[in-house]
Amino acid sequence: MKKQLLLAALAFLATGFAFAQTQRSDDFKSKYKLKEAVVLSRHNIRSPLSDSKSALGRMTPHEWNKWTAGKSELTLRGGVLETQMGQYFRKWATDAGLFSENHIPTADELNVIANSMQRCIATARYFTSGFMPVGDVVVNHRYTPSKMDPLFNPQLTKVSPEFIAIANEQIKAMGGKKGMVGINEAIEPDYKLMMEVLDIKDSPMAKANDPALNALKNYNTEVVFEKFQEPTMKSGSALKELNAASDAFILQYYEQPDSVKAAFGHKLSREDWERLAHVKDVYQDVLFTAPIVATNVARPLIQYMYDELRSPDRKFTFLVGHDSNLSAVATALEVEEYELPAAIEKKTPIGSKIVVEKFVGPDGEEYADINIVYQSVEQLKNMELLDLDNPPMIYQLSLKGLKKNADGLYKMSDVADRFEKALAAYEAIP
């Protein structure tokens, strides 16, 4: 398995992608002292948001996986995987000198806050049980499960005709001259594969000649922007309807050890699975990565993360939300385009974490590194134990227009300016 990860790393290095160090060298640690880390995490494996009685169940003659948790909740496998991720971070933090082994943190040193959805609270608790098993860590959340906390709710807090016009133009630009239709046409081969794997022609929906099938031919997706609501897609388009199937297939692939069974008896290549997942990636991009939309919905988390990075006694902050949160924050901070290796979800895989590290350098100045940390497909499916010798995937992110030093770090002042820029961009939204 280590050989597979090494080969994946070498392949991406050859194409110009760069990995952060999975374990800092002694030379690096002699020069830079880790002072703090702020982590924004997506929850781990959950059951689908829709059940078998919904359109998701009616668009295939096959039965979806028998999930170990209720609709939208963290599965048993998700809990185990997140505990393993917490155990890796425990070894990483000890190796970096951030905490001693079996450290008992103070409230000033450690802050853990989760969205008040069951899958987020459970993810935070599993992570902290691995991260600080004797630390009696308190997982903070605002409401009883399951409600959306405004900190994590990717809702629009500024909406005007001018905002809607700009947002629509930025989204349409993703599809070139054909706009939204172009976005859909670009992933039409993924749609066709999805429908083949679903065996949709033999589905209850097809046998009943359900008008919902017509939606799968509609490429003119409409996005709705309303104040204090998430950006949403109107029902009745291919991207909206097949996103639900993409989401369910991704989760079934992680959860089901037999990949053929996960694909309803079809033998799919890794590339095929990436194509099924690509539909969901595009769905996320359309809703949350238009710059003006990302700036709008990410503002609470941008402010919170920035405050945490400036908190003098804080050593570790762990925030647990959703893929929409990671996508919007990355876009608002102007992270350069990337595609993650050893993953079928190429931007924000299940359980992935954006990690902002703050260091003090040999010159007394503060520096920062930004990485996305995630479990590879093999680590997810095989539930591999993680440690410094078998780490999760660690991929270094780059901020547009900022320059790294010879050790691959940004000046912390430059990163702070980028947070300030994102907050100013929110204020400038019409």
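This is a predicted model: local features need pLDDT of at least 70, side-chain atom pairs count only at pLDDT 80 or more; totals for chains, interfaces and linings use all residues.

Student: OK, where is N65, and is it buried or exposed?

Tutor: Look at the loop between helix 3 (55-58) and helix 4, which is the place of N65. Leaving aside neighbours within four places in sequence, N65 is in contact with Q252, E255 and Q256. Buried means under 20% relative accessible area. N65 has 18%, so N65 is buried.

Student: Which class does D414 fall into, buried, partly exposed or exposed?

Tutor: D414 is found in helix 16, and its C-alpha atom is 9.0 Å from that of A368, 46 residues apart along the chain. The relative accessible area of D414 is 26%, so D414 is partly exposed.

Student: What is the angle between helix 13 and helix 16?

Tutor: Helix 13 covers residues 291-309 and helix 16 covers residues 412-427. Helix 13 passes helix 16 in a left-handed crossing. Among the residues making the contact are I302 and Y306 of helix 13, along with F419 and L423 of helix 16. The axes are 9 Å apart, and the angle is about 145 degrees.

Student: How many nonpolar residues does that contact of helix 13 with helix 16 have?

Tutor: Sort the contact residues by class, and you get three polar and three charged ones. The nonpolar residues number eleven.

Student: What is the volume of the second largest cavity?

Tutor: The structure holds three cavities of 30 Å³ or more. By class, the lining has six nonpolar, four polar and one charged residues. The volume of this second largest cavity is about 90 Å³.

Student: What value is phi of D199 near?

Tutor: Find the loop between helix 8 (188-198) and helix 9 (204-207), where D199 lies. D199 has 13% relative accessibility, so D199 counts as buried. Its phi is positive in a residue other than glycine, near 55 degrees.

Student: And which residue does a cis peptide bond join to P145?

Tutor: Go to the loop between helix 5 (118-131) and helix 6 (161-173). Omega of that bond is about 0 degrees, and the residue joined to P145 is S146.

Technical notes:
Residues are numbered from 1 along each chain as its sequence is written. Side-chain values use heavy atoms; hydrogens and water are left out. Axes are lines fitted to C-alpha atoms, for helices over the stretch in contact, and angles run from 0 to 180 degrees between N-to-C directions. Helices (H or I, at least four residues) and strands (E, at least two) are DSSP runs, numbered from the N terminus. A crossing is left-handed if the near helix is turned anticlockwise from the far one by less than a right angle, and right-handed if clockwise. Contact means heavy atoms within 4.5 Å. Ala, Val, Leu, Ile, Met, Phe, Trp, Tyr, Cys and Pro count as nonpolar, Asp, Glu, Lys and Arg as charged, and the others, Gly among them, as polar. On a 1 Å grid over the protein atoms alone, a cavity is a set of points where a 1.4 Å probe fits but cannot get out, and a pocket is an open set with protein on both sides within 12 Å along at least five of seven lines; lining residues have an atom within 4 Å of a point. Grid points are joined across faces, edges and corners, and a volume is the space filled by probe spheres set on the points. Buried means under 20% relative accessible area, exposed over 50%, partly exposed in between (1.4 Å probe, protein chains only).
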